[in-house]
Amino acid sequence: MALRSLLTTAERGQVLEIPTGTEDLAAHYTLSEADMSLIRQRRADANRLGFAIQLCLLRHPGIALTDDTEVPTEMIDWVAARLTISAEAWDEYGTRGETRQEHGRELRAYLGMSAFGIAEFRQLVEHVGEVAAQTDKGLVLVEGARDFLRSRKVASPGVGIIERACAQALTRANRRIYAILGDQLSGEHRGRLDGLLLRRTDSSLTEIGWLRQAPLRPNARAMNEHIDRLTAWRALCLPWDAGKLVHRNRLLKLAREGASMTAADLAKFEPGRRYATLFAMSVESMATVTDEVIDLHDRIIGRIIRTARNKQNQNTLASRATVAAMMRLHSKLGDALIAAKENGEDPFAAIDTAIDTAIGWESLAESIAQAKELTRPALEDHLALVSAHFTTLRRYTPAFLAVLDLQAAPAAQDLLAAIKVIRTMNTSGARKVPEDAPTSFIRARWKPLVFAENGTDRGFYEFCALAELKNALRSGDMWVTGSRQFRDFDDYLLAGSDYTLMKSAGELPLATATGGEHYLQDRLALLSERLHQVNTLASRDELPGVLITASGVKITPLETIVPQHAQPLIDQASAMFPRIRITDLLMEVDGWTGFTRHFTNLKSGQPSKDKQLLLTAILADGINLGLTKMSESCTGVTYAQLDRQQASHIRDETYSAALAELVNAQHAHPFGTHWGDGSTSSSDGQRFRAGSHAESTGHVNPKYGAEPGRMIYTHVSDKYSPFHSKLINVGDRDATYVLDGLLYHESDLAIQEHYTDTAGFTDHLFALMHLLGYRFAPRIRNIGDTRLYTPTNNAELSTLAPLIGGTINTQTITAHWDEILRLATSIKTGTVTASLMMRKLGAYPRQNGLATALRELGKLERTLFLLDWLQDPDLRRKVTAGLNKGEARNTLARAVFFNRLGEIRDRSFEQQRYRASGLNLLTAAIVLWNTVYLDRTITTLTQEGNAADPELLRFLSPLGWEHINLTGDYTWPRTNKIKPGKYRPLRRSTKP
């Protein structure tokens, strides 16, 4: 049986690629005097040239010359020129195989290299097997094998032989993983896993299909159903810790592979693979269900509090007429008292007279009763109104608290003790809260509700504990065994021993490589210097466009970013774009880049055999049409075909790799230099309403109204390409996800400076951005309300005094400096995602030492930035221009994502992510296509004698879509109509 191919055609060509560029040829193939002396010993020109080329190939890329080695003409010409020999001599070389082999042996001896044989093949398989235990990505394995051979000074054979060794190593690694997991499973465990593939008696679903279902909506019924799923997972009593014996990447890959298959497919696997796959699915699914149960609780508590707040607002509005009548009545009493005092009359007699003649005792009594009603706690604090929902909570909270294995840090031990008390009360049926129940976790706002006149109120005590549990889980003060998102804070970070080794070796991947104390001292010295500098300029009124007074700071708005005289060129260029259907655009862009090759089959690792079917599935995501409607809009395409294509080829990692291909192509295009060099970027969130099935999964943010929604947070380069996107909750602050896009994109962009709006910054982010080597420049709304901080109290900064909010607590930073560096290193090395740590650090009410110290460091970096902002109008203009690019890209995304009223309607979070990724891929393809044709447009205008002012080219944008047909039937040409190297004709140009 033939071994599976690990590489695509393009990847196979790049592994042992022979350079062709002049600079690369010079870098790799410059011959030394000793090399030339050895070469000159050959007698004929052909032998000298062949000998030299063999020498070069052995050095880089480290391959032996064989019959099927294709040596680029550029290399032959370059080497021949160095030897002053005609390149035509190459055709005469190697007519005798013995000559080539003899030269090869002599050169290997000269370079201290050995030939590749059966022993080296076995060593290679053994080495790659260690890498294959961590990843099954073919390119990573083959490149690792190549580097291994180079390190051992072994002449590499052809790519096919290396690929064969890697495939053999991967097969062995897979069998080893199956064996490792299988050894931990008893006969009973295997029987329970087989039971997951059986159909449920009361449903058409299999057991595992039911267990993997997402919750329908945040209510008690859905919560209890999901608790039942978590209970069922735990009832399997599998050796859950066995999952730690296998690398996380491989376990996750096993789980994803199993999730893409039907129960019938899984049942056909040989036993070792079947049980390993089912076990991996169980581990991942139980963690997912655990997190979903906690998220449901979070959303239920949040909805109850939000409903209570709305109810209070409604009551307040409804009582306006009553309050007005009360005010009129009591104003009459007040007038009578004041008149009596002024006239020296008896005030009590005056009150009696006023009540008898103008008010009436009955009206006064009614008014007093109304006043008492309006001043009840329920109308003073909306939290009192949550009592109406205690019955709803009781439907699920006993099971919820019983199913979670909660742990707590010292700061939350009292809350954990309270949870245990509530569990005991639930089990025993007790209604009264014990007198010795923990209460220190109860905040001042809750105390009037929890501590009633007749003792502790059971309902409010329990609700307060549940609300604080939600906060503690978010912050990391409490965690849940078996959870993925709510683990112990320290478990997320790089191991302490590994961090210590990296620091001692000076290998921290941070702006401060050694983590020395002098780094902090240097930053404080710089801050002091900049404060004095800006204070001096402010005192002389020399800050450009900035006025600082005792009442605050005023910054003159910038002029329009796009000047009016650039508009004619913009209109002319857009009018010349060829009209094109979105299907043809995707085919054309794929012809340029081959981005579809990254959508590899989950099992075989090969690209899709039906490129049009793959593009149809991608388009269904990007325009928000869905597979069902797309199958109805495409002739000859069925839902089943699209569903299989999506299950096999479309995943988060394939979308990311394809996006990187498009971004790299646009970044490398010469016309992009008019917009930037690819070193700056911006990010912003775009909200989409959650409708239909997705409505229950959406979150509500009052900023966007009362309708649930989802947010797509996108990073855009200064060349307009959207190089990263992520689906997030609308309630999360944008700053949580800024670092994710900068650290985890797969493109060639080397971002150095990043812009956000006000929602995109926190002090924690300022600190981490600097430590990780990025310049952070947010556009902060109401900048006068954002304080500056100083190293020490300094009376000399009199002009800046209205803006100074205090001093930086340097002692806290110093005390927790190692913890800060360990956190930043963990994020940089990928040990933990930045967004997860940002969410933990910013969660209320966590105020631990690390969070506080990081905030103080952030104040330092934020102050330095604000001082630059006040002094540098070019910085303000640059940030505004960068953010405008992101906002313009959002407009394009809204136009593309037009189906289903622009709503996200998929119930599954996975499908929602695919919608977001497909949308970003489509916008990136449009940006690339527009960039190419903008270049052709300007070139055509120049050839026609209408050359554009080079200064105006930066105002052109590749974000237009008026020329693209996004609607109608989606048909694909059998082949790309545009031949390689050819383009569509432009529309007739007109003079501006």
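## Pocket lining

Ala, Val, Leu, Ile, Met, Phe, Trp, Tyr, Cys and Pro count here as nonpolar, Asp, Glu, Lys and Arg as charged, and the others, Gly among them, as polar. On that basis, the lining of the second largest pocket in this predicted model splits into 18 nonpolar, 16 polar and 9 charged residues.

The volume of this second largest pocket is about 1100 Å³. Its lining holds 43 residues, and those closest to the centre are Val 562, Tyr 720, Arg 954, Phe 955 and Leu 956. Five elements, α28 (567-576), β8 (680-689), β9, α40 (873-896) and α41 (909-943), each give at least two lining residues. Helix α40 provides the largest share, 9 residues.

## The sheet

Strands β8 and β9 also belong to an open sheet of 5 strands. The order is β10-β9-β8-β11-β12, with mixed pairing.

Strand β9 spans residues 709-717 and runs antiparallel to β10, with 7 bridges between them. Ile 712 sits opposite Leu 727 of β10.

## A helix crossing

Helix α9 (residues 159-183) meets helix α13 (residues 248-259). Their axes come within 12 Å and cross at roughly 85°. Angles of 65 to 115 degrees count as roughly perpendicular, so α9 and α13 fall in that class.

From α9, the contact uses Leu 170, Ala 173, Asn 174, Ile 177, Tyr 178 and Leu 181. From α13 come Arg 250, Leu 251 and Leu 254. The contact residues comprise 7 nonpolar, 1 polar and 1 charged.

Key
Residues are numbered from 1 along each chain as its sequence is written. This is a predicted model: local features need pLDDT of at least 70, side-chain atom pairs count only at pLDDT 80 or more; totals for chains, interfaces and linings use all residues. Side-chain values use heavy atoms; hydrogens and water are left out. Two strands pair if DSSP finds at least two bridges between them. Helices (H or I, at least four residues) and strands (E, at least two) are DSSP runs, numbered from the N terminus. Axes are lines fitted to C-alpha atoms, for helices over the stretch in contact, and angles run from 0 to 180 degrees between N-to-C directions. Angles under 35 degrees count as roughly parallel, over 145 as roughly antiparallel, 65 to 115 as roughly perpendicular and the rest as oblique. Contact means heavy atoms within 4.5 Å. On a 1 Å grid over the protein atoms alone, a cavity is a set of points where a 1.4 Å probe fits but cannot get out, and a pocket is an open set with protein on both sides within 12 Å along at least five of seven lines; lining residues have an atom within 4 Å of a point. Grid points are joined across faces, edges and corners, and a volume is the space filled by probe spheres set on the points.
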